[in-house]
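Subject: Structure for your attention

Dear colleague,

I am passing on the structure below, and after it you will find my notes on what was found. Please read them alongside the coordinates.

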Amino acid sequence: MKITQISVFLENKQGRLHEVCALLGSNNVNIRALTVADTEDFGILRIVVDRPQEAVAILRGAGLTANLNEIVAVEVEDRPGGLSGILKILSANGVNVEYMYGFVEKFSEKALLVFKFEEPDKAIGILADNNIGIVGGRDIKCI
Amino acid sequence: MIWNERMECMPAGRMQDLQSERLCRIVEYVYSNCRPYREKMDASGVGSRDIKGINDIAKLPFTVKDDMRRGYPFGLFCVPQEKISELHVSSGTSGDPIVVGYTAADIKLWGDVMARALCCAGAVPGDMVQVAYGYGLFTGGFGMHYGAREAGLTVIPASSGQTKRQLKLMQDFRPRILACTPSYALYMLEEARELGVDPRESSWQIGIFGAEPWSEAMRGEVEANWNMLATDIYGLSEIIGPGVAQECPRKDGLHVCWDVFYPEIIDPVSGLPVPEGTAGELVITTLTKEGMPMLRYRTRDIVSLDRGACPCGRTSPRLSKIKGRTDDMIIVRGINVFPSQIEHVLLRIEGIQPHYQIIVDRKAGKLDDLEIDVEVEEGIFFDEIKKLREIEERICREIESVLGIFVKIRLVEPKSIERSEGKARRVIDRRTV
């Protein structure tokens with residue numbers, strides 16, 4: 001139930017993010033979700049795309065350092081307190097969230113958030129036990 | 001086999017006596033026969049009387065390449081031109097060319113040290129050697145030639161270039177030994193494959209490679225592709241040409257012919273000896289040459305010296321591979337920094353490619369800053385800022401422990417460091433001093 005995310009190493013330079021997005025766009029890769037973590041000198045661009053294997057090959061072909069890694073896409077009630085309810089369950093069960101970000105579009109009536117967990121399998125088990133919806137890779141392509 | 005067992009295996013104590021006796025004689029000889037040396041010694045207040053043994057060598061002034069340029073062409077010769085039997089000219093890649101002169105006795109010495117080198121690499125009398133070093137003003141070809149003749153080898157004086165012909169000579173004559181620059185050995189590899197010659201089937205079993213710095217990675221490539229033992233030889237025209245030091249098949253340092261070429265390792269800035277085993281600039285004194293002896297010649301090559309016993313039986317100290325050149329050295333906050341030191345640290349960290357650049361800067365009124373840009377490749381890229389920060393900190397810590405100064409590490413994208421002719425520019429010095 002994990003989905004694939006691409007992480008790209010980027011220097012903190014003007015126009016760099018645009019160049020990478022333009023590269024993917026011109027290759028017909030559609031970005032479904034995106035976030036940038038940055039420091040003074042460098043950043044990590046994290047994206048969920050429709051064709052991750054192809055996209056990572058395109059990025060590497062352009063000389064960028066890019067990796068594939070696994071994240072969990074979780075459905076969150078789109079109402080005040082929706083996210084806090086999930087975080088409360090995770091925290092109560094000792095699951096650590098490394099980072100998270102949101103999808104632009106919805107898959108259902110609920111909002112879709114991406115989580116990077118320290119122990120993804122444990123987190124998936126706990127979320128399932130609590131009847132919280134997790135969206136798989138195939139579903140992501142349909143968004 | 002050991003070609004000159006008496007000299008190559010002499011116990012260190014007796015060697016010291018011999019070196020002492022030879023040093024006293026050469027200092028006296030140079031003082032009486034060469035005006036620039038005499039003037040230099042007089043100016044520094046050292047007379048031949050002050051030199052009583054090899055341990056007094058540090059009292060003598062250094063000789064540098066500029067001394068040779070100033071004396072161009074024959075100014076540093078200790079004999080009149082009619083006593084010189086051969087002249088060689090070193091390539092003037094950095095400035096004017098320099099001239100070296102050999103008497104008949106010097107040529108004989110050259111043959112002896114080169115015979116030692118060939119045998120040290122594994123040659124035995126009767127072997128055939130293909131000399132693909134250039135014959136001419138460059139010392140490589142003739143030095144190898146004299147040594148091969150002296151050691152009773154069959155010489156193919158192929159000289160450099162004409163790769164197709166080199167490969168044909170190898171296939172038709174089946175020489176066991178190849179002598180050339182390591183980069184030419186790699187170049188011939190491509191040519192061989194294009195001609196449909198299987199390099200692993202070549203007759204060459206031993207390579208004697210030198211005249212340029214080369215890495216262990218390059219050695220591995222030559223050995224695996226040619227299926228031969230690749231040994232390193234060291235020498236420089238100013239001293240004699242090839243034959244100053246040579247690796248035995250253990251490939252654990254180059255045995256120096258220290259009965260005739262006395263090595264010292266100094267701090268290139270202070271000129272003082274470095275602690276035993278530490279890297280520094282190699283300084284050589286020729287103890288027996290007649291035509292153009294050198295007293296404490298600064299080679300500008302950075303090496304370390306290992307005095308530990310070698311199982312091959314030779315008692316001579318061993319030079320490390322060249323770790324750098326003093327020409328590349330930068331001084332940051334009074335500390336000597338060689339790009340190669342930084343490279344060694346980076347290569348020790350798993351996943352790091354040696355693509356880096358050193359930037360030295362000085363902001364007004366502040367201390368010098370040393371920044372090292374390191375390209376991030378897949379081997380060290382993680383999806384977490386925390387882990388990337390850990391890598392920065394680890395590089396920083398390890399470099400600090402080697403150099404003793406704080407450096408700023410900056411992770412940069414692959415290929416973002418400027419390359420010229422395939423090689424990255426290692427140092428950018430932005431200081432305006």
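Among contacts in chain B between residues at least 6 apart in sequence, what percentage join residues at least 24 apart? The figure is 65%, where two residues are in contact if their C-beta atoms, placed from the backbone, lie within 7 Å.

Before the details, a word on conventions. This is a predicted model, in which local features need pLDDT of at least 70 and side-chain atom pairs count only at pLDDT 80 or more, while totals for chains, interfaces and linings use all residues. Residues are numbered from 1 along each chain as its sequence is written, and chains are lettered from A and ligands numbered from 1 in the order in which they are written.

As for confidence, the predictor gives the complex an ipTM of 0.81 and a pTM of 0.68. The average pLDDT of chain B (the predictor's confidence in each residue, from 0 to 100) is 91, and 97% of its residues score at least 70. Where pLDDT is low, the predicted coordinates should not be read in detail.

Chain B contains 11 helices and 23 strands, these being DSSP runs numbered from the N terminus (H or I, at least four residues, for helices; E, at least two, for strands). Of the 433 residues in chain B, 39% are buried; a residue is called buried if 20 or more other C-beta atoms lie within 10 Å of its own, exposed if 12 or fewer, and partly exposed in between, with C-beta atoms placed from the backbone.

One open sheet of chain B has nine strands in the order β4-β3-β5-β6-β7-β8-β9-β14-β13, with mixed pairing, where two strands pair if DSSP finds at least two bridges between them. Its edge strands, each pairing on one side only, are β4 (154-156) and β13 (305-306) of chain B. Within this sheet, strand β9 (residues 254-256) of chain B runs antiparallel to strand β14 (residues 318-319) of chain B and is joined to it by two bridges, with Arg318(B) in β14(B) as the bridge partner of His255(B). Helix α5 (residues 104-121) of chain B lies across β3 (128-131), β6 (206-209), β7 (229-236), β8 (241-247) and β9 of chain B, at about 30° to β8(B); angles run from 0 to 180 degrees between N-to-C directions, and axes are lines fitted to C-alpha atoms, for helices over the stretch in contact.

The loop between β8 and β9 of chain B holds Cys248(B), which counts as buried because it has 21 C-beta neighbours inside 10 Å. Leaving aside residues up to four places away in sequence, Cys248(B) touches Cys120(B), His255(B), Cys310(B), Cys312(B) and Arg314(B). From Cys248(B) to Leu118(B) the C-alpha distance is 9.3 Å, although they are 130 residues apart in sequence.

A further open sheet, of four strands, has the order β10-β11-β12-β15 (chain B) with antiparallel pairing, and its edge strands are β10 (261-266) and β15 (324-325) of chain B. Here strand β11 (residues 280-286) and strand β12 (residues 297-303) of chain B pair over four bridges in the antiparallel sense, and Ile302(B) in β12(B) is the bridge partner of Glu281(B).

Elsewhere, strand β19 (residues 368-375) of chain B pairs with β20(B) in the parallel sense over five bridges, and Ile372(B) stands opposite Ile409(B) in β20(B).

Thr163(B), Lys164(B), Gln166(B) and Leu167(B) of α7(B) make the contact with Met188(B), Glu191(B) and Ala192(B) of α8(B).

Finally, between the chains, 15 residues of chain A are in contact with 14 residues of chain B. On the chain A side, β1 (3-11), β3 (42-49) and β4 (66-76) of chain A each give two or more residues, and β1(A) provides the largest share, four residues.

With best regards
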